[in-house]
Number of protein chains: 4
Amino acid sequence: MSEGCKTIGVLTSGGDAPGMNAAVRAVVRTATAKGMEVKGIRRGYAGLLDEDIVDMPPVSVSDIIHRGGTILYTARCREMFQPEVQDHAAEICRKHGIEGLVIIGGDGSFRGAGALAERGINTIGVPGTIDLDIACTDYTIGFDTAINTAMEAIDKIRDTSTSHERVSIVEVMGRQAGYIAMWCAIANGAEDMLLPEMYDHDEQALIDRIIEKRRKGKKHHIIINAEGIGHSVSMAARIEAATGIETRATILGHMQRGGTPTCKDRVYASIMGAKAVELLQEGKSKRIVAYRGGAFVDYDIQEALHMQKSLPEDYIRISKSLIR
Amino acid sequence: MSEGCKTIGVLTSGGDAPGMNAAVRAVVRTATAKGMEVKGIRRGYAGLLDEDIVDMPPVSVSDIIHRGGTILYTARCREMFQPEVQDHAAEICRKHGIEGLVIIGGDGSFRGAGALAERGINTIGVPGTIDLDIACTDYTIGFDTAINTAMEAIDKIRDTSTSHERVSIVEVMGRQAGYIAMWCAIANGAEDMLLPEMYDHDEQALIDRIIEKRRKGKKHHIIINAEGIGHSVSMAARIEAATGIETRATILGHMQRGGTPTCKDRVYASIMGAKAVELLQEGKSKRIVAYRGGAFVDYDIQEALHMQKSLPEDYIRISKSLIR
Amino acid sequence: MSEGCKTIGVLTSGGDAPGMNAAVRAVVRTATAKGMEVKGIRRGYAGLLDEDIVDMPPVSVSDIIHRGGTILYTARCREMFQPEVQDHAAEICRKHGIEGLVIIGGDGSFRGAGALAERGINTIGVPGTIDLDIACTDYTIGFDTAINTAMEAIDKIRDTSTSHERVSIVEVMGRQAGYIAMWCAIANGAEDMLLPEMYDHDEQALIDRIIEKRRKGKKHHIIINAEGIGHSVSMAARIEAATGIETRATILGHMQRGGTPTCKDRVYASIMGAKAVELLQEGKSKRIVAYRGGAFVDYDIQEALHMQKSLPEDYIRISKSLIR
Amino acid sequence: MSEGCKTIGVLTSGGDAPGMNAAVRAVVRTATAKGMEVKGIRRGYAGLLDEDIVDMPPVSVSDIIHRGGTILYTARCREMFQPEVQDHAAEICRKHGIEGLVIIGGDGSFRGAGALAERGINTIGVPGTIDLDIACTDYTIGFDTAINTAMEAIDKIRDTSTSHERVSIVEVMGRQAGYIAMWCAIANGAEDMLLPEMYDHDEQALIDRIIEKRRKGKKHHIIINAEGIGHSVSMAARIEAATGIETRATILGHMQRGGTPTCKDRVYASIMGAKAVELLQEGKSKRIVAYRGGAFVDYDIQEALHMQKSLPEDYIRISKSLIR
């Protein structure tokens with residue numbers, strides 16, 4: 001433990017995601033078991049700059065593994081992109097004795113982590129976002145809960161859509177990325193999915209498919225639309241006008257960010273939180289914990305921020321015979 | 001069984017509601033046990049007029065008690081308010097040997113039931129609507145499931161609202177009636193509720209309450225808004241502008257109509273469906289099955305349609321110290 | 001408020017039930033709004049005797065309405081049946097300035113409440129038990145959550161029971177009373193129910209029904225058995241031996257006592273907690289808050305303890321054609 | 001498509017698992033899209049031997065993706081291990097024109113698949129078991145649903161365990177393998193886990209840990225015990241006798257096999273079902289579809305049956321500071 005940290009901080013940043021509490025708990029428990037002390041920084045980088053910092057003994061994380069949200073609160077913090085603010089943030093860490101810092105968040109948060117690492121604070125990023133849009137990892141904290149939340153809501157919408165023989169557009173989260181939409185489209189047996197990565201803007205073709213399926217006797221037509229495409233309400237009005245079939249839009253919204261985490265989110269978030277502490281103990285810095293190729297690994301932050309990822313081929317090919 | 005019916009029909013009408021299938025199943029099972037035959041009329045009165053009528057042996061209702069929606073489909077049918085259409089509908093019933101008819105739906109559907117009764121078809125209404133806005137009864141099929149669906153969604157929104165220290169407006173169903181909104185406001189420990197029955201249109205007072213509570217340290221502010229008031233998105237924009245606190249609106253929408261019914265909805269819907277058949281067997285007509293004063297009772301349809309009901313005093317008084 | 005209490009206590013006693021926290025929260029919030037102070041007594045009467053008493057400002061009940069269990073802990077306390085222990089308990093109340101006491105629990109707990117009332121402490125009972133076995137009330141805190149928990153588990157058991165064409169015995173809670181068993185039997189579309197109130201001990205008749213239904217093509221046979229009858233495992237073995245059909249027993253057990261409360265349990269528990277404080281404010285004592293005939297009412301404790309209740313006629317008659 | 005099959009069969013075998021219906025649906029939909037016909041074989045190999053075979057047009061798999069259990073029913077079939085029975089089974093396939101066969105099940109079922117492949121029927125196995133105990137794959141259909149079902153039940157048990165300050169032993173499925181137990185122990189924040197792979201039989205050490213934690217103020221002590229170790233009820237009695245702390249056992253049982261599948265189980269099962277058809281189309285036989293190293297792959301059946309797998313190192317190391 002010679003090179004390791006004695007006192008570490010932990011913060012959650014960006015949009016919250018179910019499982020963040022499990023990660024925070026794992027950071028505290030693992031660090032404590034290794035003889036480190038943990039400080040909780042509230043409201044992400046904004047709270048760091050405000051020195052909104054509290055001690056986190058083991059009891060502070062009792063009874064939180066199953067809770068949605070983040071007990072540390074979170075915020076977006078644009079200032080943190082400015083070099084002089086980054087200097088200041090590093091100083092605050094030093095003032096509070098924080099030698100290592102675990103940052104749970106998305107790509108924006110990791111840029112701050114990179115900046116702090118360059119300023120001498122050992123930082124480890126843990127991917128937390130329901131959108132799955134972090135290139136270096138096949139798993140991000142909260143995605144599994146979000147897809148189940150959305151899927152269960154869509155199952156309910158499907159019941160009533162069938163009873164009324166309606167077309168339903170359901171808009172799920174995912175501004176840049178269609179992962180949630182694609183998973184739900186497969187899982188809910190949807191008739192159509194609109195993903196930002198492969199949207200053809202051909203609304204007429206969509207309308208034609210609806211008319212054709214109705215002719216074949218389909219009692220409902222569920223369209224999963226990603227937030228990145230949006231406009232679900234006006235799209236519904238146009239479809240209803242063109243087809244004569246009652247069409248309703250639902251925007252699932254923020255409920256997708258909350259809720260008690262699924263088993264996978266609790267377990268993976270726990271392992272990632274623990275891994276982050278192990279890396280700090282080994283004296284590592286500027287790394288992101290990731291899950292890739294079926295294993296927990298870690299990458300250099302800069303390297304990770306330059307990776308690309310796209311919707312898996314398999315899923316797209318296979319969904320063609322399943323979603324229709 | 002001398003005055004009773006030998007063949008009865010069953011239909012679901014108006015907006016669908018979880019538990020309608022349990023009621024349909026109880027109609028079929030109870031009627032079969034009493035030696036009657038059952039015909040299912042699909043898509044409400046619209047289907048009756050189209051003679052979309054199927055035999056319902058006991059096996060047709062196997063494995064449906066737990067399913068949302070209605071296996072008989074449903075529709076709204078404006079034509080059914082016209083006397084000559086009502087004449088025709090009664091004739092179709094006679095043509096198919098339907099002596100008695102169980103109509104599961106809301107007030108609009110019961111008006112049709114009254115008209116058919118006057119034309120010699122024995123009709124019994126069963127209250128099915130998630131909105132609880134049928135005056136003669138303290139219970140309507142689907143309300144219990146709808147409030148639990150909404151409550152669970154709001155629990156999730158509350159998680160993320162707290163993490164981000166946001167104001168959240170959640171719009172729940174209820175065009176004329178604030179029952180869903182009031183129950184959720186109590187159950188979710190909301191800070192404010194806006195009900196059509198008692199809306200003061202004083203948005204400034206609402207804004208003042210938000211600012212005051214934030215000053216006192218409240219991390220979230222959940223406002224439950226009933227559909228009958230609506231305008232949640234623009235209201236959120238105005239609140240954010242006035243308070244400077246991030247404010248988000250979610251319109252829960254049609255998911256509130258679906259989903260597997262709760263235990264109460266399955267049990268009460270089953271009892272009401274069975275009661276409807278018992279009434280037909282006794283030769284009764286033009287009655288609505290209701291739950292009132294803690295017991296299952298029945299009322300004359302016309303009488304029932306003229307009853308009034310309002311939000312219970314108790315709830316309103318008590319919610320004053322609980323919702324704040 | 002002249003006759004009312006200035007400081008009140010609240011405790012939960014006997015088996016815990018989902019919704020107890022909502023009741024505790026309503027006691028604290030309502031009392032605070034009326035200018036009273038609240039003291040929480042932990043671990044029921046046992047904690048009272050140990051003077052395990054804490055102040056409960058409004059913040060102590062933040063964020064608990066949706067939590068299962070009871071933040072005040074609970075215990076059974078046999079000593080409290082002894083008159084000299086009751087004297088001592090009343091003295092402890094006086095020592096801590098507790099003029100009024102809200103007791104959330106079952107019949108056993110209410111006997112203690114009656115004894116304290118005779119010793120000058122104003123006591124109000126609130127019915128909290130998942131078993132619904134309190135005679136004066138049609139509702140007890142936790143029953144609605146328990147039946148939904150059991151029902152959802154049985155829905156899952158039914159899936160696998162059908163896949164394997166098995167007989168399944170599911171034992172639900174209810175030592176003296178078959179309410180949970182009866183509601184689940186109706187809600188899960190069970191084939192048989194065994195209730196302590198009307199158990200005929202005729203296992204051969206049960207076996208004959210299983211064989212007959214299998215002959216008619218039924219793919220599963222679900223038997224809901226109440227804890228008060230028990231012996232599910234040995235019964236399964238005997239049925240398998242007699243019928244040659246694979247038969248499995250599941251004892252649902254303590255999971256039925258936990259979980260986030262349903263909407264009804266949160267709302268009714270909130271109203272009952274608030275009512276209890278209103279009664280104390282009016283100077284009432286030795287009363288139980290109840291829900292009867294569709295309204296929230298209150299009864300004298302002694303009177304309430306002598307009431308009788310039995311399974312509702314309606315349910316039993318109707319279940320005959322539904323459960324089979 | 002020259003080497004591919006024109007008519008394929010599909011069966012589910014061994015213990016049922018949530019997601020099997022999604023796999024069956026994907027087989028039917030993908031095959032239909034490729035111009036193949038599908039026959040459903042009911043009750044696994046037992047149904048094949050009985051020629052319990054039905055046509056599966058696309059409509060036969062409508063509205064099943066979200067259902068637990070298997071619409072094809074399942075059974076264990078010991079006879080299928082005998083070479084002459086395998087000869088007969090292959091003949092029945094040929095008689096019904098079944099050139100390719102998708103077998104959804106566990107290792108036992110794959111041995112039958114291997115035997116049929118040697119007899120000229122193209123067979124593809126798809127791993128379906130809640131226990132995750134198939135060596136060649138990191139994912140099996142149903143595991144994700146089972147761990148969430150168990151986790152949610154344990155969350156509820158934990159509520160009441162805390163309220164009563166009890167020790168709770170919860171027995172989860174897993175006769176040979178402790179995967180469900182390990183995942184739940186991490187996800188539920190358990191204090192102890194007993195896994196068949198690493199059970200030390202040192203009950204005294206377990207009792208000592210319970211006593212020590214109680215001394216430190218822990219309000220509950222949850223022990224997750226795998227079915228393969230069992231004896232939860234007698235273990236609870238011994239712990240209660242030794243510690244004086246109330247101790248209760250719950251055996252979760254068959255509810256873990258049912259329920260609507262999670263999003264992951266629906267999506268992965270769909271992909272695996274589709275992959276199986278693609279392999280048959282390519283003329284492949286005697287393969288198992290697997291998920292390994294983060295990708296969907298396939299292995300020779302014999303090879304797969306000889307693979308070994310053990311609990312992942314990471315999980316075990318990390319759980320040491322998390323489960324305690």
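A: The site comes first, followed by two spots elsewhere.

This is a predicted model: local features need pLDDT of at least 70, side-chain atom pairs count only at pLDDT 80 or more, and totals for chains, interfaces and linings use all residues. Residues are numbered from 1 along each chain as its sequence is written, chains are lettered from A and ligands numbered from 1 in the order written, and side-chain values use heavy atoms, without hydrogens and water.

Start with the record. An unreviewed UniProt entry carries the annotation "binding site" for A:Gly15, A:Arg76, A:Cys77, A:Gly106, A:Asp107, A:Gly108 and A:Ser109. Such annotations may be inferred rather than shown by experiment. These positions span 95 residues of sequence, yet they cluster in space. Their largest C-alpha distance is 12.8 Å.

In chain A, A:Arg76 sits in the loop between strand S3 (53-55) and helix H3 (83-95). Helices (H or I, at least four residues) and strands (E, at least two) are DSSP runs, numbered from the N terminus. A:Arg76 counts as exposed because its relative accessibility is 59%. The classes are buried under 20%, exposed over 50% and partly exposed in between (1.4 Å probe, protein chains only).

Move to chain C. C:Gly120 also lies in a loop, between helix H4 (107-118) and strand S5 (122-127). Its relative accessible area is 52%, so C:Gly120 is exposed. C:Arg94 is 26 residues away along the chain, and the two C-alpha atoms are separated by 9.2 Å.

Finally, chain B. B:Glu152 belongs to helix H5 (residues 143-163). B:Glu152 is partly exposed because its relative accessibility is 43%.
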